[in-house]
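Look at the model below.

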Amino acid sequence: MADVLPKMSKLYLSRIVESFLKDVRLKTEEEMREIILKNIDEFQNSERIVKNLNFLESDRDIALVNEMILMSLMEQEGYVLAEDELFNYVENLEKQILEESQDSAFIKTSIPEDALRVYSSVLSAAWKKDDSLNSHEINMLNVLRQELGLSNRDHYLMECLVGRFPQKGNKLHSIRQIEKSLKDLQTRGLILRFKNNEAYYIIPNEIASTIRYELGSELRNETYLNLLNDLSVTQLKSILLPIGLNVSGTKNTLIDRIIKHNILPTKALNFLNNSELKEVLRSLDGARVSGTKEEKIRNIVDYYENLTSTRESDPTDPRSRLYYFYEDLAYRNYKPLRINKIIDKDLDIERYFEQATQYIFEKKLGLELVEMIGTKHADGKLQLNQKDTVLWDNKSVEKPYNFPDSHFEQFLGYIRSENTRVTLFLIITAEYTNEAISKAQKLKAFSDEDTDVAIINAADLKYVADSWREFSDMKEPQFNLQVFNLTGELNRSTLDSRMAWAIQ
């Protein structure tokens, strides 16, 4: 949310505010951004999300397109798509379901015969009375589908067969209808619209997991393939055999069959016994092995969903991959760091956090690092001019940083041991307390050199690294360290204001 909100305009911010905070009247974009972040716990409350995912009372077309949009976004790494791409994904998803429904062999192997007969009969009867389904009928179909062990995808396939998917006569939804659903999903606080040269839609990470499980979009195809490839041929056959699918062929053939027939990861893993699930979990670094069978399955699915396909943006510099996980390093988010093999042991975090920061100053901001001798010094040094230098230090934390006294003495020693005047000491962390901001002001007073002491969180430093060039109209702008040169808190609004005048 912290990354997306600065790129949202007033109209789209107001939709998000109104989705979970009632009777709040705000005038400026900055007020809206601040109140959203202050109430982030309410925004990501799972009960709120589940309630807003209930489309029973919505117009049939809006409800269906809502699901198509969410399914399209859930398939993307980062749950984000450019606007034009999203329209294409929704259209192609509807076309794909229609094509699958026309393949009788596919239907026969995908949906159990008895379930197909019973559900399609009830579905046909519900549709015969008029051109819509009321909330009672939809609820009845949902209950029946659950009792028969059918998925939403199975429901869509059978609606195709009675000529009701995506619309009457199997007509695709229009761009205008998709736009209506995009607005509806924003007013429900389920997706955000932002601009970065072009318009994008995103499911924010804070609520993605809840939406994923509620919709049955448990894993992206890319990460599901990783999971299936890590299973044995025998285990893959044990997934296909009970539902009457062919178990012959190579491992890749078996995997393709599972993907083609939309067997959900939780359903597939449920065919493995407890000891097999334990074995899978033991092979996953940092995954929790204990728990009920259902918990083991969820642990496996969550593990693979945290996998990222991101590669180094600069193959010649391995620090570029650390930069992608910069906030995870700052917050000591062990799970994604272990899953993506960023760290081998917990002690790696601080060192890699420092290396990623060096990458920011050197490669992203184009500044020359000053080599430091010995071990008792700050994590990094920059030369502002012939007389003044800038020091920085990284502090990764699991709880908001409160600037302990030991760090106060440590930083004071760094400042006083420099041969040149330290004009700025920058502390880079994850979150920080008001006490930390107060301590920064105290350190300035005790420095004896009028050294400014600023605190910035990793997300905001990364924001500067990614966006500072946009604040200049020059072809080859140069970063100005005056952006950071103050005492106290460097938040987004302050950084925007300082970049506006400092970077020309």
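## Basis

This is a predicted model: local features need pLDDT of at least 70, side-chain atom pairs count only at pLDDT 80 or more, and totals for chains, interfaces and linings use all residues. Residues are numbered from 1 along each chain as its sequence is written, and side-chain values use heavy atoms, with hydrogens and water left out.

## Aromatic rings

The structure holds 17 aromatic pairs. Rings of Phe, Tyr and Trp (its six-membered ring) pair if their centres lie within 6.5 Å; planes under 30 degrees apart count as stacked, over 60 as edge-to-face and the rest as tilted. Tyr-156 and Phe-165 form a tilted pair, because their ring centres are 5.3 Å apart and their planes stand at 35°. Tyr-156 is buried at 3% relative accessible area, and Phe-165 is buried at 0%. Buried means under 20% relative accessible area, exposed over 50%, partly exposed in between (1.4 Å probe, protein chains only).

Tyr-303 and Tyr-304 have ring centres 5.5 Å apart and planes at 70°, so this pair is edge-to-face. Tyr-303 is buried at 6%. Tyr-304 is buried at 2%. Elsewhere, ring pairs join Tyr-401, Phe-403, Phe-408, Phe-411, Tyr-414, Phe-425 and Phe-446 into a cluster.

Arg-298 lies over the face of Tyr-213, 3.5 Å from the ring centre. Lys-462 places its charged end over the ring of Tyr-324, at 5.6 Å from the centre. A charge sits over a ring if NZ of Lys or CZ of Arg is within 6 Å of the ring centre and within 35 degrees of the ring normal.

Arg-492 belongs to helix 26 (residues 492–502). Helices (H or I, at least four residues) and strands (E, at least two) are DSSP runs, numbered from the N terminus. Arg-492 is buried, at 11% relative accessible area. Its side chain reaches the backbone oxygen of Ala-2 at 2.5 Å.

An open sheet of 5 strands runs in the order 4-5-6-7-8, with mixed pairing. Its edge strands are strand 4 (380–383) and strand 8 (488–489), each pairing on one side only. Two strands pair if DSSP finds at least two bridges between them. Strand 4 pairs with strand 5 (residues 388–394) in the antiparallel sense over 4 bridges. Within this sheet, Gly-380 stands opposite Trp-392 in strand 5.

Key:
A polar contact is a pair of N or O atoms within 3.5 Å; within protein, one must be able to donate a hydrogen and the other to accept it, and residues adjacent in sequence count only if both atoms are side-chain atoms.
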